[in-house]
Amino acid sequence: MIKLENVEKKYSDGYVALKNINLECKEGEITVLIGPSGCGKSTTMKLINRLIHPTKGKVYINGKDISEVNPVELRRKIGYVIQHIGLFPHMTIAENVAVVPNLLNWEKEKTDRRINELMKLVGLDPQTYRNRYPKELSGGQQQRIGVIRAMAAEPPVILMDEAFSALDPISREQLQDELVELQKNIKKTIVFVTHYMDEALKIADKIVLMKDGEIVQEGSPEEILRHPANDFVKSFIGEKRLNLIQDIPTAAEVMKKKPVTTYPTRGLAESIKMMERRQVDSLIVVNQDNQLQGYISIYDVIRHFRDETKRVGDILERFSHTVGPDALLTEVTRMIDENKLAYVPVVNEEEKLLGIVTRGSLVGFLSDIYPSGDSGVVQQ
Ligand code: ADP
Ligand code: MG
């Protein structure tokens, strides 16, 4: 939908801010440009907006070379949101949102309806806020107005340059959520500039990583995370996140550390009580040195219960499978699956019990890395 072809931008002082950029932003998608300060993100946005002109190459929107489109015409079809909001201070909120609809000579009723609809969409009650002035709103509220003002006349293209960067982290997250939700319905072509990787991962269909006026890598968040092209991309993703995704965790990282254990010398009635109290249906048996001996299940205990001479050591069964602490999660998962195990004990070289990997601990571990929902916050 938006296409930059061999675009170079040399500013009048001779500085080359963009070097031969080729970029495509698909219709209905959010393309996120990310990179360090000065890499050329805003320059790219201004080129799409025809606020500046490329020194080489061409910019197309819907297949049309924009240098041949009347710039005023063009900008009516493009919503533009910038970091420092830029609401008109002497206009009310409603008047601010109505700027482009008024330029397009929309009927007052249609404009009013649209204002109310958009304000509700971003959680601002029109009755309360319509006639206020920008300075009577919080930063987050003003930014929301900036966003809906850009959307008011339903432009097919929306450019958002660090639109959420000036906000506190909570408002920023809220607006990201709202944008993702909104986009599900409006399906605009959005180009979003940020220098926060979290923001990019959360909202992007495509991430474009830029450095020194060039594109270093582009791809879906999934592709970028799994196959960072080089150290620059890796550093941008962040060491910690990368480790979690690229290094397969080990049994030691995933295991439950304090499984319920008992000793061979214990009685069966005692064992039942313990299972009941700890809400488990088997106990792991270790000796005084914490070396793994086996397990007893509730079924075995019940079967032998009448025989008062029996102790745990008499009825325990050996584990068919154990793993070391460094076993990879993939290996452990396969073992659990193939052998239909409820869990696998993790033991060290001296056969001492370190923990167990259960299906539950796998799920818990994965949900820490890949939190549910889009918030990026680990669900409690
Ligand atoms: P970003 O938005 O990625 O931080 P910009 O696109 O604003 O970066 O700027 C890219 C580079 O071009 C920067 O080094 C900046 O200093 C330079 N630059 C931006 N505008 C001008 C200008 N009008 N004249 C000269 N250099 C400029
Ligand atoms: Mg910028």
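These entries record what I looked up in the predicted model shown above.

**Conventions.** I worked from a predicted model, in which local features need pLDDT of at least 70 and side-chain atom pairs count only at pLDDT 80 or more, while totals for chains, interfaces and linings use all residues. Residues are numbered from 1 along each chain as its sequence is written, chains are lettered from A and ligands numbered from 1 in the order in which they are written, and side-chain values use heavy atoms, with hydrogens and water left out.

**Overall form.** I looked up the secondary structure and found 18 helices and 15 strands in the protein; these are DSSP runs numbered from the N terminus, helices being H or I of at least four residues and strands E of at least two. The radius of gyration is 30 Å, well over the 21 Å that the globule rule gives for 380 residues, so the protein is more spread out than a compact globule. That radius is taken over C-alpha atoms, and the rule is 2.2 Å times the number of residues to the power 0.38. Along its principal axes, the C-alpha trace spans about 95 × 50 × 30 Å.

The protein exposes about 20,200 Å², of which carbon and sulfur atoms supply 48%; the areas come from the Shrake-Rupley method with a 1.4 Å probe, and for residues only the protein chains shown count as cover. Among contacts (heavy atoms within 4.5 Å) between residues at least 6 apart in sequence, 61% join residues at least 24 apart.

I traced strand 1 (residues 2-10) to strand 4 (residues 56-61), and the two pair in the antiparallel sense over five bridges. Pairing requires that DSSP find at least two bridges between the strands. In strand 1, Glu8 stands opposite Lys56 of strand 4. Strand 4 also pairs with strand 5 (residues 64-65), again antiparallel, over two bridges, and Ile61 stands opposite Lys64 in strand 5. Strands 4 and 5 form a hairpin with two residues between them, and Asn62 in the turn has a positive phi of about 50 degrees.

**Cysteines.** How many disulfides does a search of the whole structure find? I recorded zero disulfides, the criterion being a pair of cysteine sulfur atoms within 2.5 Å. Cys25 is in no disulfide, and the nearest cysteine sulfur, that of Cys39, is 14 Å away. Cys39 is likewise in no disulfide, its nearest cysteine sulfur being that of Cys25. Cys25 is buried, with a relative accessible area of 0%, and Cys39 is buried at 1%.

Technical notes. Buried < 20%, exposed > 50% of the residue type's maximum accessible area, 1.4 Å probe, protein only.
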